[in-house]
Structure formats: structure tokens, C-alpha cells
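Please look at the sequence and the structure before reading the points below.

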Amino acid sequence: MNIWKRKKEIIFFHNEPSIVDLFPIIESKKLKLDWTNKVRQDFQNRKNSERDMVSIHVSRCPGIFDLFKYGYTVTLHKDIVIKPRDGGFEWETLKQEHFPNHFSISILSELGAQDLIPRPPWAFDFILKINTGWHVVAPKDLKFIMLPIAYPDTFDFTSTIGILDPSIATDINFQMFWNKKGIEEYEKDTVIKAGTPLGQLIPLSDKKFKMVQRIMNQQDLHWIHKLRSAYNTGFWKYLMRKKVVDMYNKYWKR
């Protein structure tokens with residue numbers, strides 16, 4: 001691959017054979033939400049009878065709809081069940097027996113995160129972390145802002161905001177608040193269906209990039225082993241970040 005092409009591509013890869021066909025990462029402008037269809041229909045219903053009002057119709061609000069012009073949306077690729085419990089939760093999904101599964105859900109366990117990061121008063125005490133199994137390789141120095149779906153169809157959870165720097169870690173993980181604490185119906189087991197949007201990744205750049213998605217190849221798998229090995233060499237993982245950045249740029253020829 002020539003250097004110019006690498007500078008123009010954002011590559012996503014995953015180990016599950018069907019994911020690119022069934023639940024790919026999508027450009028956010030192609031995201032289909034139930035409520036946006038209702039907004040468009042309402043505009044069509046009003047535009048002939050209320051001509052003076054259509055210019056201020058919510059469908060004409062750039063502050064809302066321009067959000068969906070940027071970046072990529074990651075969707076859940078498995079049905080999961082979340083079971084809130086005192087001080088935490090349990091979860092279930094269909095087990096995969098024939099190939100390694102990099103998808104997992106856990107309580108965010110980084111030192112202090114569980115107790116020190118502010119949480120909305122309507123959220124449970126835990127911060128749920130979904131390791132999607134996706135990885136991203138980007139042009140040199142390109143970072144992403146990670147955002148929740150600003151106007152989702154469901155409010156069972158809210159993804160938190162952060163920065164993803166692939167040169168430090170290529171994993172795409174979403175930390176999220178589990179909402180509606182104290183409301184009985186939400187303290188029961190809840191199914192989140194495959195295809196539910198988890199959050200949005202927006203490149204912090206004005207440049208245009210081509211998105212590439214693929215099933216994990218041997219080079220990708222080798223990178224994951226190198227990344228895990230690098231961060232398991234010492235007690236203080238953050239001290240390895242500069243070395244990992246150099247390793248990333250050399251390995252992927254950024």
C-alpha cells in the first residue's frame with residue numbers, strides 16, 4: 001500500500017466473520033433513527049398549510065441535524081441482556097463456540113473511575129464498559145472524539161464522552177451510564193437488540209477520509225498481541241504510552 005493511500009484511510013477491523021455484512025460501522029449521515037422519520041413526516045404534513053412556520057420547524061435546525069453529517073456510528077452487533085443488581089450488574093449474550101470472541105461487557109475498573117467520575121443522579125452506581133471487539137487504525141496523529149447518540153430512540157443507556165487515540169490503543173470501547181435508577185421497570189432485565197447505535201466517532205480533522213472495514217487478518221491479529229504484550233510489561237501501564245505510539249506508527253507505517 002502506498003504512503004498516500006494510508007494517509008487517506010481509516011481502517012476498522014473485527015474478528016467476527018459476519019459483522020461487516022450484518023452490523024457494520026456506518027457513516028453517521030446514513031444512521032436511521034425512528035424519531036427522524038417522524039420529524040420529516042411532520043414537516044411534509046405542515047409545509048402546505050403552515051408555510052410561515054416551516055422555516056423554524058425542528059427539521060430545519062442545523063444544530064441538531066448537522067450532528068449526523070460527521071464521523072461514524074458504531075452499533076451493537078449482538079443481542080445482550082443487562083441485569084442491574086445492587087452495586088453492579090450481570091449480562092448475557094449468545095456464546096460463540098467456534099472462534100475467539102473479543103466482545104465483552106464489564107464494570108469500568110480503572111483506578112478511581114467508578115467512584116470519582118460524576119454520574120447523573122438518574123444513573124446506576126456502576127459505569128458499564130462495552131468492549132465492542134472493533135479496532136481502528138488511522139492516519140498519523142489523527143484522534144477521534146467519542147460521543148453518545150445525541151438524540152437516541154432509547155434512553156436505557158448514555159455513552160460517555162472521550163477521546164480515542166488509536167496510537168495509544170486501537171480498541172473501540174464505550175463507557176456508558178445505565179439510566180433510570182429507582183424506576184422499577186428499568187431495574188428489571190433489559191434486552192438491547194443487535195443494531196442499536198452505541199455512539200459516534202468523529203475524526204478531529206477537516207480532511208476527508210475513506211472508511212475501510214474488514215474481517216481481522218493475520219497482520220491485525222499480530223498487532224493485538226503486540227499491543228496486549230506492550231501494556232503487560234509493567235505495573236504502570238501509562239508509562240508505556242510513548243513506546244506504544246512509536247510501535248504503532250512503525251507497525252502500521254503511519
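Asp220 touches Phe13, Arg214, Ile215 and Trp252, leaving aside residues up to four places away in sequence; contact means heavy atoms within 4.5 Å. The model is predicted, so local features need pLDDT of at least 70 and side-chain atom pairs count only at pLDDT 80 or more, while totals for chains, interfaces and linings use all residues. Residues are numbered from 1 along each chain as its sequence is written, and side-chain values use heavy atoms, with hydrogens and water left out.

- Asp220 is found in helix α6, which covers residues 218–231; helices (H or I, at least four residues) and strands (E, at least two) are DSSP runs, numbered from the N terminus.
- Asp220 counts as buried because its relative accessibility is 0%, where buried means under 20% relative accessible area, exposed over 50%, and partly exposed in between (1.4 Å probe, protein chains only).
- Asp220 and His14 lie 206 residues apart in sequence, and their C-alpha atoms are 8.8 Å apart in space.

**Helices α6 and α7**

- Helix α6 packs with helix α7 (residues 241–251) at an angle of about 165 degrees, and their axes are 10 Å apart; axes are lines fitted to C-alpha atoms, for helices over the stretch in contact, and angles run from 0 to 180 degrees between N-to-C directions.
- This angle makes α6 roughly antiparallel to α7, because angles over 145 degrees count as roughly antiparallel, under 35 as roughly parallel, 65 to 115 as roughly perpendicular and the rest as oblique.
- Residues of α6 that meet α7 include Trp223, Leu227 and Tyr231, and their partners in α7 include Val244, Met247 and Tyr248.
- The buried residues of α7 are Val244, Tyr248, Asn249 and Tyr251, and the buried residues of α7 pack against β7 (123–137) and α6.
- Lys253 follows α7 and has a positive phi, near 55 degrees.

**The sheet of three strands**

- An open sheet of 3 strands has the order β5-β4-β12, with antiparallel pairing; two strands pair if DSSP finds at least two bridges between them.
- The edge strands, each pairing on one side only, are β5 (88–93) and β12 (190–192).
- From one strand to the next, the twist averages 25 degrees.
- Strand β4 (residues 80–85) runs antiparallel to β5 and is joined to β5 by 6 bridges.
- Ile82 stands opposite Trp91 in β5.
- In general, strands of a sheet pair through backbone hydrogen bonds, either parallel or antiparallel.
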